Amino acid sequence: MLGRFALRHHTLATKIREAIGVRDKRFVQPFILGVCGGSGSGKTTFCEQLVGLLGADRVSHLRQDDYYRDLSHLGIDDRARVNFDHPDSIEFGLLAMHIDHLAQGRDVAIPTYDFASHTRTSIQQIISPKPIVLVEGILLFADVTTASRIQLKVFIETSEEVRYARRLRRDVRERGRTPESVEWQFSSTVKPMHNLFVEPKKVLADKIVSGESPFESALVELSSLLMRSVLFR
């Protein structure tokens, strides 16, 4: 018990809290944080590490990938031809509504998407409101409705070569794709949609972070900012 207690109080997150000399206060209203960047840029890693620093009990994490439109009404071949990197493939209206509900202190039921079949499953995840609502996705800043709800925008900037290599590994290992299909999709939709909808919206970012370097310094800076201005106000 003593060992676990000591470890828990010597994490980086605890050191940040001690350094800024603040204490928890009663939470008032969620702060909406958005993390955007190209496919394979490192968004998920950044967000997971940020949640680890802040504490999962303080962050409601929404992922754009959970809001892909259900394509069960289409045949298998037709589903594979859909442009999943275009904003129209995402049900942003539902995502924006869930952000609003969390901001109002209401639970939301997040859909679960099956990337192998391009359909939504019958399983839903219940997310409860917390001091910070973290929203993650490649097209967050391209959708005006969603972007307008984000109070602090972070963009993860990563070269095309690195993003492709990461996407290839992920899609083959986690989503049951063949290397050939991943290469075709990247060249036919991922790259052109990135150039059209993702990269140009980098100008909206309040903070740009390299996706090819360790995130530690950026995470410490962002965590300290959030703890001062949001968690302990």
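Predicted model: local features only at pLDDT ≥ 70, side-chain atom pairs only at ≥ 80, totals over all residues.
Reader: Hi! Before I get into side chains, what is the mean pLDDT of the protein?
Author: Hello! The mean pLDDT is 87, and 87% of the residues reach 70 or more.

Reader: Okay, new topic. How many salt bridges are there?
Author: The count comes to 12 salt bridges.

Reader: Let's pick one. Which side chain does glutamate 91 meet in a salt bridge?
Author: Its partner is arginine 120, at 2.7 Å from N to O. Glutamate 91 lies in the loop between α4 (76-80) and α5 (92-103) and arginine 120 in strand β4 (residues 119-127), so this pair ties together parts that are 29 residues apart in sequence.

Reader: Is glutamate 91 buried, partly exposed or exposed?
Author: Glutamate 91 is partly exposed, with a relative accessible area of 25%. Arginine 120 also counts as partly exposed, at 24%. Both get that label because it covers values between 20% and 50%.

Reader: Good to know. What does arginine 149 form a salt bridge with?
Author: With aspartate 100; the closest N and O atoms are 2.8 Å apart. This pair links distant parts of the chain, with arginine 149 in the loop between α6 (144-147) and β6 (152-157) and aspartate 100 in helix α5, 49 residues apart.

Reader: How accessible are arginine 149 and aspartate 100?
Author: Arginine 149 has 27% relative accessibility and counts as partly exposed. Aspartate 100 is partly exposed too, at 26%.

Reader: And how far apart are the closest N and O atoms of glutamate 174 and arginine 173?
Author: They are 3.6 Å apart, and the two residues form a salt bridge. Both glutamate 174 and arginine 173 are exposed.

Reader: Last one: which residues do salt bridges with shared partners join into one network?
Author: That network is made up of Asp85, Arg167, Arg170, Asp171 and Arg177.

Terms used:
Residues numbered from 1 in each chain as written. Heavy atoms only, no water. Salt bridge = Lys/Arg side-chain N within 4 Å of Asp/Glu carboxyl O. Helix = DSSP H or I, 4+ residues; strand = E, 2+ residues; numbered from the N terminus. Buried < 20%, exposed > 50% of the residue type's maximum accessible area, 1.4 Å probe, protein only. pLDDT = per-residue confidence, 0-100.
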